[in-house]
Amino acid sequence: MDVNKNIGVIEFYQDSTILITGATGFTGQVLLEKILRSLKPRKIYVLVREKRGVKARKEVKQLFSNVLFEQVRQDNLLCRVIPVDVDFDQEHLSLDEALRENLANEVDVLFNLLASVNFNEPLASAFQTNVEYSRNLLQLASTFHHLKAVIHVSTFYSNCDRTTIEELIYPDTSFGGYENVRAILNQLKPTERDVFSPFILGKQPNTYTYSKKCAESMINDNFSQLPVGIFRPPIVSSTFREPFPDWYYKYNGPCGILMALYFGLLNVLPFEFDKRTFVAPVDYCINAMLCCAVDVYKKHCQQSTDCIGKVQVYNFTDGTRNCSWEEAYRWYLEGMTPLRTYLRARFLTLTSNNKILCEIGFYWMRVRAHFIDFIAWALGKKSPTAATATTERIITQVKLLRPFCVQEWGMGNSNMMKVVEGLSVRDKLRFPCDLRNVDLEAHLRRFIPGVLKYVVNAKSVA
């Protein structure tokens, strides 16, 4: 196949048809907005699962009301988006034959951002969403006649049980591989799965990272004939520049922890503050995904033994300008008012990985919550256990995040750096994705003000 090795990002997507899963999530929204604003696709199919009876068209309509899409609304670009209801549990994703034929004849690029990011989800559920749904999607993609590239979004932490994470797919899944795990889970009752899950996870800290690791192996074993790349972002933060700085969405990921800290609900951070953190702004992640798709296409078109049948892996990380957790914590706090910063840093927050001290801190948080609920009960409030329930959720979330904050990893990112350095001057300006150019100090200082503006205030207005 002939391919223009110098094809630019804009030229690659010109008049293309793009299919996206997970477009209603945080990173998916930024991807959709960037494609509409900066590229010129002919059509964008957005696959949406029905949630609480809300159909795809209504879900996408609500999505477009977000301030993130203000510019593309003004430019009348939303008409290029086609919402599609899907059921990933059903054969052919429940798509009718006519629509499947349209997809097969039209789709050029596929971005799979569909995932469950709940660290505490039962293993069977995480496996179904993060592995089986991706398998069903890629089986559909195997019928596409003009497919140029597939980008499957994984996570840098899918192999966090290793000390060094290279741009490789590691086939060391426990219990003989993901297919065996799949068969085991299908034969167990729910209570048996709960008992057996810790043995399956092994050194993996949660069901999210384990299932994402299994998904990578599944893709490598079954779909390496496709032009597919696996993109591994680290902790994803708010926008750095595009379409405007500091935008965030919902209380997910580190946002919930920082807001609990901001409002005085969290008093314990069991982190190793001298360890490095891996953080990337969401707009840089999206630009990198778009550029990696072009790289996948070029490599797949090269008729060489080292590329054909090989799944490309991209670690979107930077080993040169990482900050420590202590620096990140200080910069986050500097985004608060001076009084809040002083009180949190000096008096109200325990920053230690000493397990005994941390448990004492958590115990104090629980005592305080029970006291608040007692006062609420005495005053006849309708939710006399709200503070206790909220505190338990916060403590659980902190403990789930702890494994990523008490160690650091060596990493390889040569594939990603070749993509970054191979961009033309024009593409570097339009699709900035070099993490070495991100001012982390300024970015993290603006994080909490951004969340207050786009999440907290938006919720209070709604």
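Q: Which residue does E106 meet in a salt bridge, and what's the N to O distance?
A: E106 pairs with the side chain of K43, at 3.1 Å from N to O. A salt bridge here is a side-chain nitrogen of Lys or Arg within 4 Å of a carboxyl oxygen of Asp or Glu.

Q: Are E106 and K43 buried or exposed?
A: Both E106 and K43 are buried. Buried means under 20% relative accessible area, exposed means over 50%, and partly exposed is in between, with a 1.4 Å probe and protein chains only.

Q: Quick check, what kind of model is this, and what are the pLDDT limits?
A: It's a predicted model: local features need pLDDT of at least 70 and side-chain atom pairs count only at pLDDT 80 or more, while totals for chains, interfaces and linings use all residues. Residues are numbered from 1 along each chain as its sequence is written, and side-chain values use heavy atoms, with hydrogens and water left out.

Q: How many salt bridges in total?
A: The count comes to 22.

Q: What about E132 and R135, how far apart are they in helix 6?
A: They're three residues apart in helix 6 (residues 123–141), which means about one helical turn separates them.

Q: Which residue does R446 bridge to?
A: That's D246, with the closest N and O atoms 2.7 Å apart. This pair links distant parts of the chain, 200 residues apart: R446 is in the loop between helix 18 (440–445) and helix 19 (447–461), and D246 is in the loop between strand 8 (235–237) and helix 10 (254–262).

Q: And how accessible is R446?
A: R446 is partly exposed at 27% relative accessible area, whereas D246 counts as buried at 13%.

Q: Which residues form a network of salt bridges?
A: E33, K34, R37 and E242 are linked that way.

Q: Switching topic, what does UniProt place at residues 20–289?
A: The unreviewed UniProt entry puts "domain: Thioester reductase (TE)" there; positions use the numbering here, feature names are shortened, and annotations may be inferred rather than shown by experiment. In the model, that span is 41% helix and 14% strand, and its end C-alpha atoms lie 12 Å apart.

Conventions. Helix = DSSP H or I, 4+ residues; strand = E, 2+ residues; numbered from the N terminus.
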